[in-house]
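Student: I have a structure open and would like to learn how to read it. Could you walk me through it with me?

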Amino acid sequence: MASQSMEIMAKALEQQVLQSARMVEEQLDAELGKLERMDDDEMEKLKERRMEALKKSQKQKQEWLGKGHGEYKEIPSEKDFFPEVKESNRVVCHFYRDSTFRCKILDKHLSVLAKKHLETKFIKLNVDKAPFLTDRLRIKVIPTLALVKDGKTKDYIVGFTDLGNTDEFPTEVLEWRLGCSDIINYSGNLMEPPTLTQKSGSKFTKVEKKTIRGRGHDSDSEDD
């Protein structure tokens, strides 16, 4: 009975794969058919539109780079925070302390993501140099990421709770969590985190898109 059930499941899976492949093939055939039916004028217009989109994309990229996107940098003091977040539509700010080991873990991942997601500015600020801002944003746990959109703090990532409660989370998990808050352009599945090589004790807290976190958390610090 068990072998028959496995055989039925295998056949069903094979049919699903074949059906998906046929759908993709049909879509490709349809696109190719459209291209074949285009005359020279239509092809030229299509090329022009694509060139225009490419030029626009390159211009936007240069604007972002000019504003400090593409690198993960430290800002000197809290007074520099406001010009930075006003200049860019989307900003991730890491509130850190030198003595906290987990801040160094975040540094590594944020450096990678800053290069990958040019649409977002990635900065860090030492909490010891930002007492007013830390109090204003009610930051109690270190590290905390403040996610700022259009000049307003929209969300927080507090400690590693949303990252699997482990120091060994991959960069992709942080990328997914930032995508849940719409602070980066995320192309993956927002409904669940990327697959982890799970270790005992690794758990995920359900994250609702664009929820405000960091308010009302316990005041215990995660400093090591």
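Student: Is Leu113 buried or exposed?

Tutor: Buried means under 20% relative accessible area, exposed over 50%, and partly exposed in between, with a 1.4 Å probe and protein chains only. Leu113 has a relative accessible area of 0%, so Leu113 is buried. Before going on, note that this is a predicted model, where local features need pLDDT of at least 70 and side-chain atom pairs count only at pLDDT 80 or more, while totals for chains, interfaces and linings use all residues. Residues are numbered from 1 along each chain as its sequence is written, and side-chain values use heavy atoms, with hydrogens and water left out.

Student: Where does Leu113 sit, and which residues is Leu113 in contact with beyond its neighbours within four places in sequence?

Tutor: Helices (H or I, at least four residues) and strands (E, at least two) are DSSP runs, numbered from the N terminus. Leu113 belongs to helix α4. Contact means heavy atoms within 4.5 Å; with those sequence neighbours set aside, Leu113 touches Phe122, Thr171, Leu174, Glu175 and Leu178. For Glu175, the C-alpha atom lies 7.2 Å from that of Leu113, although the two residues are 62 apart along the chain.

Student: How do I read the sheet?

Tutor: Strands of a sheet pair through backbone hydrogen bonds, either parallel or antiparallel. By the rule used here, two strands pair if DSSP finds at least two bridges between them. In this model, 5 strands form an open sheet with mixed pairing, in the order β1-β3-β2-β4-β5. At its edges stand β1 (72–74) and β5 (152–158); each has a single partner strand, so one side of each has no neighbour in the sheet. From one strand to the next, the twist averages 25 degrees.

Student: In which sense do β2 and β3 pair?

Tutor: Strand β2 (residues 90–96) and strand β3 (residues 121–126) pair in the parallel sense, over 6 bridges. To find one of them, look at Val92, whose bridge partner in β3 is Phe122.

Student: Which strands does helix α4 touch?

Tutor: Axes are lines fitted to C-alpha atoms, for helices over the stretch in contact, and angles run from 0 to 180 degrees between N-to-C directions. Helix α4 (residues 101–116) packs on the sheet and touches β1, β2, β3 and β4 (144–149), with its direction at about 160 degrees to that of β2. Helix α6 (residues 171–180) lies across β2, β3, β4 and β5, and runs at about 145 degrees to β5.

Student: How many salt bridges are found in the whole structure?

Tutor: A salt bridge is a side-chain nitrogen of Lys or Arg within 4 Å of a carboxyl oxygen of Asp or Glu. The whole structure has 10 salt bridges. In one of them, Asp128 joins Arg97, with the closest N and O atoms 3.4 Å apart. Asp128 is in the loop between β3 and α5 (131–136) and Arg97 in the loop between β2 and α4, so this pair ties together parts 31 residues apart in sequence. Asp128 is exposed at 53% relative accessible area, whereas Arg97 is partly exposed at 22%.

Student: Which residue does Arg102 meet in a salt bridge?

Tutor: Arg102 meets Asp167, at 2.6 Å from N to O. This pair links distant parts of the chain, with Arg102 in helix α4 and Asp167 in the loop between β5 and α6, 65 residues apart. Arg102 counts as buried at 18% relative accessibility, and Asp167 as partly exposed at 31%.
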